Amino acid sequence: MTDALPLNVTGLQAKIDASPFNAGMGIIVTHADAEAEEVVMRLEMRPEFERAHGTGQYHGGVISAFIDTVGDYALVVNRGGGVPTINYRTDFLRPASNTALTGRAKVRRAGRTVAVVDIDVYDEQGRLVAVGRGTYGTQVG
């Protein structure tokens, strides 16, 4: 059985929850716009995400994993399945402490085999804390 495309918030959340890693992070899909090829997701701070015990500051690896996931799912919304990450980068702009994070991804170009997605990560005050760019294979696998 295949999912009806494009996927909505509920369909994307089901895909997130089916991944032990993504479900373990507790990622929540809050917006999906298949026509615009944009998704928005939320990540709540938890003690296991801290870079040092008691700081409330996110470890950079958590933010990077969040960026990769949000970018990937901006493509999944129209493809229905996971697409492989070819490469991604993260630029950290400010520390993120004691805050939930919101990731917004926008597909810049999706070709026959490769796509480029830009991802912005904001804290609860709306400050940009990190940006990312992901390159993904467009063949669903």
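**Exercise 1. Determine how strand S6 is paired on its two sides.**

Start with strand S3 (residues 85–92) and strand S6 (residues 128–137): 7 bridges join them, and they run antiparallel. Strands here are DSSP runs of E with at least two residues, helices are runs of H or I with at least four, and both are numbered from the N terminus. Two strands count as paired if DSSP finds at least two bridges between them. The model is predicted; local features need pLDDT of at least 70, side-chain atom pairs count only at pLDDT 80 or more, and totals for chains, interfaces and linings use all residues. Residues are numbered from 1 along each chain as its sequence is written, and side-chain values use heavy atoms, with hydrogens and water left out.

Asp91 stands opposite Val131 in S6.

Now take strand S5 (residues 114–122). S5 pairs with S6 over 9 bridges, again in the antiparallel sense. Tyr122 has Leu128 in S6 as its bridge partner.

Finally, inspect the connection. S5 and S6 form a hairpin with 5 residues between them. Gly126, in the turn, has a positive phi of about 80°.

**Exercise 2. Work out the strand order and find the edges.**

The order is S1-S2-S4-S5-S6-S3, in an open sheet with antiparallel pairing.

Then look at the ends. Strand S1 (28–33) and S3 each have a single partner strand, so one side of each is left without a neighbour in the sheet. Neighbouring strands are turned by 15° against each other on average, direction ignored. Axes are lines fitted to C-alpha atoms, for helices over the stretch in contact; angles run from 0 to 180 degrees between N-to-C directions.

S1 pairs with strand S2 (residues 38–43) over 5 antiparallel bridges. Asp33 stands opposite Glu38 in S2.

**Exercise 3. Describe the chain as a whole.**

List the elements. There are 3 helices and 6 strands. From the N terminus they run α-α-β-β-α-β-β-β-β.

Judge the overall extent. The C-alpha trace spans about 45 × 25 × 25 Å along its principal axes.

Finish with burial. Buried residues (under 20% relative accessible area, 1.4 Å probe, protein chains only; exposed is over 50%, partly exposed in between) make up 45% of the 141 residues.
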